[in-house]
Amino acid sequence: MMRIYTHPDCLDHLTPPGHPEQVARLRAVDRGLSGLPYARLDCPLGAEADLLRGHPQSQIDRIRHATPDQGWAQVDGDTFLSPGSWNAALRAVGGACAAVDAVMADAGRAFVACRPPGHHAERETAMGFCLFGTVAIAALRAVQVHGLSRVAVLDFDVHHGNGTQDLLWDQPHIRFVSSHQMPLFPGTGAASERGAHGQITNLPLHSGSDGRAMWAAWEPVLADLRGWSPELVLISAGFDAHRDDPLAGLNWAEADFARLTRAICDLADATCAGRVVSCLEGGYDLPALATSVAAHVQELGRPTDDR
């Protein structure tokens, strides 16, 4: 059965009124998942040893010490800490790592429904609503703990995963692919950014483009990945490429998220016994987030024979 990892602590990461990365996002995700067959599991707290795979001790301590006892502390122009943010971020990391351990044990699939998101968090800089590089840390755990030599990290959030790219820049065993609107925050993600070993692929998309442009970009990359034969696939699942999202200008629909998810699952079925771990990133129109997550998770949970 499809696993969903989440935790009530992720509701305690509070942001100021009007902030798009809000508690209501997780409630929208819960609405989207309502009625779907899955096993709901609590995320453990992420271990410091896992945080250290992606961030130096000084950065971990910086976030820990900046977490306020009350109110908010501001990390940058749009990234905030509240008293519950530390544990929420640890649950996100712990959930991603626990999901990797689980699918490596029995070849299932998992979705990690946590916040804050993580793909903008660079090694020494928290930014873009993100504190720790959740998916990159999970990928590094797969390599360093499970001994994998080919891990694919696929990011379809509308914003470039600059943090994931930073954490994985010199990792020869991990291929990172990001599609994203460009130009747009954070300003990185040009096709020329290839990583220390040529293992990074950026797929910039023009504002106003739709699912056809998405598929034209992703289809050849997924075919190439099939030849590379990843042993595990991780997804940074942002749903802010939806046409209703207020923070960007792509025109994807729920069917586009479903199509891409289906193709990623087909890749995993062909190469790694279906092992996929997907982690929530962006998505800021609440109704669109609910329906897009539902489309994504339905495809993740669909048996291979039904795809």
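1. Phenylalanine 156 counts as buried, because its relative accessibility is 1%. Buried means under 20% relative accessible area, exposed over 50%, partly exposed in between (1.4 Å probe, protein chains only).

2. Basis of the note. This is a predicted model: local features need pLDDT of at least 70, side-chain atom pairs count only at pLDDT 80 or more, and totals for chains, interfaces and linings use all residues. Residues are numbered from 1 along each chain as its sequence is written, and side-chain values use heavy atoms, without hydrogens and water.

3. Six aromatic pairs occur in the structure. Rings of Phe, Tyr and Trp (its six-membered ring) pair if their centres lie within 6.5 Å; planes under 30 degrees apart count as stacked, over 60 as edge-to-face and the rest as tilted. Phenylalanine 156 and phenylalanine 239 pair edge-to-face, at 5.9 Å centre to centre and 70 degrees between the planes. They sit 83 residues apart. Phenylalanine 239 is buried too, at 1% relative accessibility.

4. Phenylalanine 156 also pairs with phenylalanine 257: the centres are 5.9 Å apart and the planes at 50 degrees, so the pair is tilted. Phenylalanine 257 lies in helix α8, 101 residues from phenylalanine 156. Helices (H or I, at least four residues) and strands (E, at least two) are DSSP runs, numbered from the N terminus. Ring pairs join Phe156, Phe239, Trp252 and Phe257 in a cluster.

5. Now the strands. β5 (residues 109-112) runs parallel to β1 (residues 3-6), with three bridges. Strands pair if DSSP finds at least two bridges between them. Isoleucine 4 has phenylalanine 111 as its bridge partner in β5. β5 also pairs with β10 (residues 276-280), parallel, over four bridges.
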